[in-house]
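I opened this notebook to keep track of what I looked up.

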Amino acid sequence: MTTVPPAPRRAPRPTVPVLAAGVVVVGTAVSAWGVRDRTTWFLETMWVLIGLPLIVVTWRRFPLTGLLCGLLAAHALVLAVGGHYTYARVPLGDWVRDTFGLDRNPYDRFGHLMQGFVPAILVRELLSRTSPLRGSRWLAPLTVCACLAFSACFELLEWAAAVIGGHGADAFLATQGDVWDTQWDMFCALVGAVLSLLLLSRVHDRQLAALGGAAQRRM
């Protein structure tokens, strides 16, 4: 009696990545309508304009976990809102400032918190899948260091924008008169990276394992 080999299992459709990409495209497009400052919008959203096509092009060879896709989409929306209004004038930040009696619009702080929270999972995924660091005790500290390095590079970019643009770069800098704004930005990124690793590492490990198993079934 001849046995028929079972049909190969199809890989699940990437529902979360497709939805995340759609949300990013729509959100970025909407944010470009009626912006306060076109240059600020471009500087804030250029990471989205570069990153999304890069992910699409490399997806077949290097798909991302659903957790990372969702986080990247959330971060893209934070950047799009900040680019649309400029960080110092985001209405939600104004409401938080007035409600809690703060001395400044805190949306900029939230943006830099996300600048550590989301890249932490991105860096962790890249290191886990492309280096011997998966499961190593060095994975977490090196991930945090990478997030701080990215934050420092972003602050250098802001400095360059201020030198080149002069007062025209004020909306992009969003310092709101705080002489310690750079230090606060990097501290927020540090806090975001540490929180991300503490809260999401176990979930991320499960999704990495599932992604690895799906890749083996496709081979």
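I looked up the side chains of D108 and R104 and found them joined in a salt bridge at 3.4 Å, N to O; the term stands for a side-chain nitrogen of Lys or Arg within 4 Å of a carboxyl oxygen of Asp or Glu. The model is predicted, so I noted that local features need pLDDT of at least 70, side-chain atom pairs count only at pLDDT 80 or more, and totals for chains, interfaces and linings use all residues. Residues are numbered from 1 along each chain as its sequence is written, and side-chain values use heavy atoms, with hydrogens and water left out.

I checked burial next: D108 is buried at 2% relative accessibility, and R104 is buried at 10% (buried is under 20% relative accessible area, exposed over 50%, partly exposed in between, with a 1.4 Å probe and protein chains only).

Then I took R109 and D181, whose side chains form a salt bridge at 3.0 Å, N to O. This pair links distant parts of the chain, 72 residues apart, with R109 in helix α5 and D181 in helix α8 (residues 181-218); helices are DSSP runs of H or I, at least four residues, and strands are runs of E, at least two, numbered from the N terminus. R109 is buried at 15%, and D181 is buried at 2%. Salt bridges with shared partners join R104, D108, R109, D181 and D185 into one network.

I searched the whole structure and got nine salt bridges. One of them pairs D98 with R97 at 3.1 Å, N to O. Here D98 is exposed at 54%, and R97 is partly exposed at 25%.
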